[in-house]
Amino acid sequence: MTIQTSGPGVLADESVRYSHAPQFRATNKPFVPDNPYHRPLDPERVAAVDWSRPVTEETFASDRSLVAHRLLMNVYESDALFLPAAGLGRFENDFHAFYDSGSRLSGERIRPELERFAFGFMEDAVGVSGKWDEETLRTHLRHAVDSANSPGSRPVFEAIRAAKNPSVAAGTQIVQMALDGLTEATAMSQNLGGAFGPEQSELFKIFVDEFGYGVFPAKHSTLFMELCSSVGMATTSHHYWFFYLPSSIAMNNYFYWATRNRTGFFRYIGAMAFLEATFAAWFADLTKVFRDAFGDAVDTRYCDEHAHIDQHHGRMAVEDLLIPLARKHGPVAVKGLLQGVEEIQYLDRLAGADLLTQLSWDPALSDAPAKTPAAGVTALDSDSPFDTRLATGDTRLSVLSGEALLYNSATGDPLRVPHGRSVLVPDGCLYGVRAEGRAEISAGPEA
């Protein structure tokens, strides 16, 4: 008898079992306040994913990608310690559930197949061939950094400025940044152990900077919290759980993926070095965007600190880490380093396109009915579980009775959709629906 221990079938069964854990229970609210362990998952939605069809470039910003990356993020972050700022108090049960050994073991069973499902397409999309050495790697990286910092390379920033409500658009940007901003350098910490020579100490120097040299007010995550507070946004991990785009979670998961799989070390250093070498200019521009969107009230020290320190981190990551590793460890290191440089640029392009799609959507009421009678009717009330999903194709959302609230951003007001009205949700856009009383809705393809 053969016992199957991997593959889509095992992933299908085990992922549903994993998603039934109490810390992943549903909520009827669009936000998850104060509780870093409560991360709602819908077991029925998990069960509906066809795990035999991995994510591709075309489906990177899709609903099944969102489901997969939510699962994967929970698996990764169960290795990191979260404690509520106000103390465990009423969250003690969730604390024990999130770090329960059985739940973590279930997560580890699905992790390898989830990683293949979510990231496997990059092996074909980003291939490294030919002969490379430390000098050709250095030249290639320099060109990549110059290209990333060239004029016109920040279409998301221009979209925020051009938005109908720039502060809401900027809030959407901040929500995506919160995935890393509130736990900055956590993935990096997984590469600090072991023994790998002087480069280990160089990596630790960057890590110590990220943690404010042990001074909590100077810690980068603390500065990010101050940025959020200054514009009226929440500062607790995963308060905005429902409003992360799949590509944003994927970018964050990528670094856990590269650090959890030890042979991904060089890949991690390549990706990290590229970002550190481009962040100074990126954050300097972001400061201007935030000031345009929020005015003088916004606390931009998080951005300002990166615009300053990443001038040094960029040099350190390239000259004291990437190049010495390439020189010391030869072709296997060079290939991994280059793979990381290319993969993070590739993911960044896909994530930028995903965010632009979301920012470009301004929901509007319409009298047009759903064109697909068989779209199905969903009854909602104030106790119905809330969730967000990505539209698969242009989708017409119609309210058949009552009134529904349509959410497409974490910081903007939801759109009230009364009985007899509808909203067109463009392909690839994230949305959620809830009702304050009772409502019936249908959703189906527009075409």
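Analyst: Gly 171 is found in helix H9, where helices (H or I, at least four residues) and strands (E, at least two) are DSSP runs numbered from the N terminus. The model is predicted, and for this reason local features need pLDDT of at least 70 and side-chain atom pairs count only at pLDDT 80 or more, while totals for chains, interfaces and linings use all residues. Residues are numbered from 1 along each chain as its sequence is written, and side-chain values use heavy atoms, with hydrogens and water left out.

Gly 171 counts as buried, at 1% relative accessibility; buried means under 20% relative accessible area, exposed over 50%, and partly exposed in between, with a 1.4 Å probe and protein chains only. Leaving aside neighbours within four places in sequence, Gly 171 is in contact with Met 233, Phe 294 and Thr 411, contact meaning heavy atoms within 4.5 Å. Gly 171 and Gly 232 are 61 residues apart along the chain, and their C-alpha atoms are separated by 9.7 Å.

H12 covers residues 220–230, and its buried residues are His 220, Ser 221, Thr 222, Leu 223, Phe 224, Leu 227 and Cys 228. Among the elements that cover them are helix H9 (166–181), helix H11 (198–210), H14 and H15.

H11 has 13 residues and reaches 19 Å from its first C-alpha to its last, close to the 18 Å expected at 1.5 Å a residue. The expected span is 1.5 Å times one less than the number of residues in the helix. After H11 comes Gly 212, with a positive phi near 65°.

Positive phi also occurs at two residues other than glycine. As background, most residues other than glycine have a negative phi. Ala 185 has a phi near 75°; this residue lies in the loop between H9 and helix H10 (186–189) and is buried, with a relative accessible area of 10%. His 238 has a phi near 65°, is placed in the loop between H12 and helix H13 (246–260), and counts as buried at 4% relative accessibility. His 238 is also one of the contacts of Glu 77, which include Arg 39, Phe 82 and Tyr 256. Glu 77 lies in helix H3 (residues 63–77) and is buried, with a relative accessible area of 0%.

Phe 224, a buried residue of H12, belongs to the largest nonpolar core, which has 115 residues; it is among the members that touch the most others, together with Trp 51, Tyr 254, Ile 269, Met 272, Phe 290 and Leu 337. A nonpolar core is a set of buried Ala, Val, Leu, Ile, Met, Phe, Trp, Tyr and Cys residues joined through side-chain atoms within 4.5 Å. H14 gives the most to this core, with 14 residues. A second, separate core has 16 residues, including Leu 397, Ala 404, Val 417 and Ile 441.

H14 (265–294) also meets helix H7, whose buried residues pack against H14, helix H15 (301–329) and helix H16 (331–359). The buried residues of H7 are Glu 134, Leu 137, Arg 138, Leu 141, Ala 144 and Val 145. They fall within an arc of 130° seen down the axis, so they line one face of the helix; the arc is that of the directions from the helix axis to the C-beta atoms.

Finally, the chain is divided into domain 1 (8–122), domain 2 (129–360) and domain 3 (364–445), with bounds from an automatic or database domain assignment. The C-alpha centres of domain 2 and domain 3 lie 35 Å apart. Their contact takes 15 residues from domain 2 and 14 residues from domain 3.
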